[in-house]
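Q: I am new to this structure. Please pick one part and take me through it closely.

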Amino acid sequence: MALKRYTKMEYGSPDEMVFGEAKYPVSYGLGQTVGAGMVIPEVNFAPRPGAEKNPETLRREYVDYITKDVLDRAITLGFPAVQLENEHVFQMVNDPEKFEKPVVAGQKELMQKYHDEYGIALSIRHTIADPRLAEEGLRPGMDKKHSYPEKTIEAFEVAAANGADLLSVETMGGKEVADYAILHQDIRGWLFGIGYLGSLDMEWIWPQIVEIAKKNKVRAGGDTNCAGANTSMFMAGGYLDKDIPRTFSAVTRAIASARTLVAWEAGATGPDKDCGYEGPIVKAIAGKPCAQEGKGAQCAHADLMGNLIAQVCDLWSNESVEYHPEFGGSSVQCWLGNIGYEAALMNTAKQLKQDKLLRDLYMATDRYRSPESFILAYDNAYKIGQAIAENGNDIYLRAKLPA
Amino acid sequence: MTAARLIEEESKAGKLKLSKHEQDMLRRIITDLSALPDEQGKFVDQCLKAYKDIPMFNPRNYDL
């Protein structure tokens, strides 16, 4: 499949961008539309260690406990729309028929019941694990030991055929070089690893995901450079951390944007993945909805742009939380409450026509907190997007020039 | 070098505070990126030589 390169910006100016609105909204799932005037909370979770003991224990954890808790709390709090995200554990990609299929089917069955009974708009993103190992081979036929490239594709097929609404992945291509480059603070190596090799890997996997989605009448959402740019960001850390300069991390984010864009060039519709902090940049280029995470993801990690990154989001996520009890209920219930109320604030701002004011408050709060938050402020994100689009047909230049 | 230049300008304007460590890195990034060729082929040749010994890196994974 040919890729449709972005060589011009879909938005005419940065000010056109705001949370809850995308140029190209996407409908899927049980009455869900993303990017059409409303921010939707996207709750993400992880099973407790040991739940993967066998297919039934894993199904019970995901369906009977986690999904039911999420749906009960969404109805209790009166949220009109919720998206669930299931980031698959290793067993689900290693043996999809046994471990993945019952979970995917069971979650959807329960969601349908709540949708029918309460009218809540629901959808679920299945983020397939990418266990491919560079040392064994990233392409089919190369990994003779585990067959991970083949299993990864199979896991997409099983998810799409059994209840997924949206397919995503955090691909690993280029990470072996990018990790080396981070440790050596070598920007050329990082550009080669993520900007070039990572884009080539995306060009291989994403047309296949899009085809699987089309065949099963579901949506291919998008990717994230969690494996690369988030590694930089978290190693750079905050004000107490001195190992990796935050200027290095900021520049890697700009490079990563060109890689993440490839999924949409292959025909994915969005929304992309929440942990892709490059979302404002790719949304500025392509006009597709983006998922983001920030202050509502403190259960998973600390970043230096907890408010700013909400500025142009279409889904607002908690990143991921391990299932466990907290004072206010189970962890998934508590964190759904957190992101659901934030989405309600954004949606109220839209109804009162104060959304651009709130967007600018979010942005101003963290604009100068770090170099990375500064380049992701929507006005600067737009400029970086322009540098990508102006060189859209050359995967090297479009990663180098926005850096 | 859009991102690096944006950071540099805002730092010079005094609004974005950077430590010396971060400023040094920024200067190094600008120098390193400025030294790169404009042609994709030259860049790839350069990198395949420079990074061939990175453990786990196999150009065949990318059809190179």
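A: What follows is a close look at one helix, starting with its setting.

This is a predicted model. The predictor gives the complex an ipTM of 0.99 and a pTM of 0.98. Chain B averages a pLDDT of 97, and 100% of its residues score at least 70.

Start where the chains meet. In chain A, 39 residues are in contact with 29 residues of chain B. Several elements of chain A give two or more residues to this side: α5 (175–183), α6 (187–215), α8 (246–265), α12 (371–376) and α13 (378–389). The element that gives the most is α6(A), with 8 residues. By type, the side of chain A that touches chain B holds 24 nonpolar, 5 polar and 10 charged residues.

Now take α6(A) itself. It runs over residues 187–215 of chain A. How far should it reach? At 1.5 Å a residue, its 29 residues should span 42 Å. The end C-alpha atoms of α6(A) are 40 Å apart, so the two values agree.

The helix has a kink, though. The kink in α6(A) is about 35° and is centred on A:Gly198.

Is α6(A) mostly covered or mostly uncovered? It is mostly covered. Of its 29 residues, 24 are buried.

Last, look just past the end of the helix. There, just after α6(A), A:Lys217 takes a positive phi of about 55°.

Put together, α6(A) is a mostly covered helix with a kink centred on A:Gly198, and it gives the most residues to the side of chain A that touches chain B.

Technical notes. Residues numbered from 1 in each chain as written. Chains lettered and ligands numbered in written order. Predicted model: local features only at pLDDT ≥ 70, side-chain atom pairs only at ≥ 80, totals over all residues. pLDDT = per-residue confidence, 0-100. Contact = placed C-beta atoms within 7 Å. Helix = DSSP H or I, 4+ residues; strand = E, 2+ residues; numbered from the N terminus. Nonpolar A, V, L, I, M, F, W, Y, C, P; charged D, E, K, R; others polar. Expected span 1.5 Å × (residues − 1). Bend = angle between axes of the 7 residues up to and from the residue. Buried ≥ 20, exposed ≤ 12 C-beta atoms within 10 Å, placed from the backbone.
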